[in-house]
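Subject: Structure handover

Hi,

Here is the structure we discussed. Please open it alongside this note; my findings on side-chain contacts follow.

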Amino acid sequence: MKMANETAPIIRRNRPGTKNKDWCNWEDESFEEMDSTLAVQQFIQQAIRKDFTNVEEILNPPEGQDEGVWKYEHLRQFCMELNGLAVKLQVECNPETCTQMTATEQWIFLCAAHKTPKECPAIDYTRHTLDGAACLLNSNKYFPSRVSIKDSSVAKLGSVCRRVYRIFSHAYFHHRPLFDTYENETYLCRRFTQFVTKYNLMSKDNLIVPIMEDQQTLEGESEA
């Protein structure tokens with residue numbers, strides 16, 4: 001029997017038949033209470049659900065959190081969310097209309113999924129890149145643990161960031177209405193840009209989507 005002053009435990013789980021309005025609709029949990037090897041992922045996803053527009057808070061690690069694991073888990077999350085953008089791109093980005101992976105007239109990207117890097121239709125490049133990122137980030141060889149990651153494995157995250165960023169750039173410059181709709185729903189490119197800038201995972205010269213306020217200012221000045 002339960003004592004009168006006992007409180008029922010909070011079950012943080014979406015049961016079969018859960019309505020959309022009730023999906024993940026439970027009280028927040030502090031990082032210290034998350035007793036799981038997936039705690040960092042849970043913490044990041046909780047922050048996104050709470051307010052996806054609060055990029056600063058989402059990227060702010062708990063005190064004492066290992067930086068390598070923090071970067072790794074964020075990149076996993078970005079790739080998962082980028083699959084949503086890839087699905088939307090399939091509607092209008094097809095091999096006949098987007099024969100190359102391009103961003104503006106100056107950037108053409110070669111697909112590294114082949115034995116020798118070569119040109120791919122943009123939608124194929126997108127699929128290949130996300131598949132390759134998933135294979136690497138789920139590799140037991142490089143990332144056998146979700147709690148501790150070797151520096152040599154953390155060093156591989158930069159190349160993944162550079163490749164998946166090209167999906168944002170193609171969507172922005174060639175499918176702008178679709179990009180804007182998804183960005184307004186997720187703030188994903190804004191969060192990714194701030195993330196790679198904060199941890200120096202990409203050169204600022206390669207951040208060609210003017211999503212941040214300082215980038216928009218520079219773009220306006222250059223047009224003037």
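A residue counts as buried when its relative accessible area is under 20%, and as exposed when that value is over 50%. By that cut-off, arginine 191 and glutamate 81 are both buried. Keep in mind that this is a predicted model.

**Salt bridges**

Side chains of opposite charge can pair when their charged atoms come close. The whole structure holds six salt bridges. One of them joins arginine 191 to glutamate 81, at 2.9 Å from N to O. Arginine 191 is in helix H8 (residues 188-198) and glutamate 81 is in helix H3 (residues 67-89), so this bridge ties together parts that lie 110 residues apart in sequence.

Two others sit within single helices. Arginine 127 bridges to aspartate 124, with 3.1 Å between the closest N and O atoms. Both belong to helix H4 (residues 122-137) and are three residues apart, about one turn of the helix. Arginine 127 is partly exposed at 37% relative accessibility. Aspartate 124 is partly exposed too, at 22%.

In the other case, aspartate 180 meets arginine 176 at 3.0 Å, N to O. These two are four residues apart in helix H7 (residues 176-186), which again is about one helical turn. Aspartate 180 has a relative accessible area of 28% and is partly exposed. Arginine 176 is also partly exposed, at 38%.

Tyrosine 165 and phenylalanine 192 are stacked, with 6.1 Å between centres and 25° between planes. Tyrosine 165 comes from helix H6 (residues 157-174) and phenylalanine 192 from helix H8, so the pair ties together parts that are 27 residues apart in sequence.

Tyrosine 172 and phenylalanine 179 pair edge-to-face: 5.3 Å centre to centre, 90° between the planes. Tyrosine 172 and phenylalanine 179 are buried as well.

Which residues do ring pairs link into a cluster? They are Phe78, Tyr165, Phe168, Phe192, Phe195 and Tyr199. Tyrosine 165 and phenylalanine 192, the stacked pair, are thus among the cluster members.

**Charge over a ring**

One more contact for your list. Arginine 190 places its charged end over the ring of tyrosine 187, 5.2 Å from the ring centre.

Best wishes

Terms used:
Residues numbered from 1 in each chain as written. Predicted model: local features only at pLDDT ≥ 70, side-chain atom pairs only at ≥ 80, totals over all residues. Heavy atoms only, no water. Salt bridge = Lys/Arg side-chain N within 4 Å of Asp/Glu carboxyl O. Buried < 20%, exposed > 50% of the residue type's maximum accessible area, 1.4 Å probe, protein only. Phe/Tyr/Trp six-rings, centres within 6.5 Å; stacked < 30°, edge-to-face > 60°. Lys NZ or Arg CZ within 6 Å of the ring centre and 35° of its normal.
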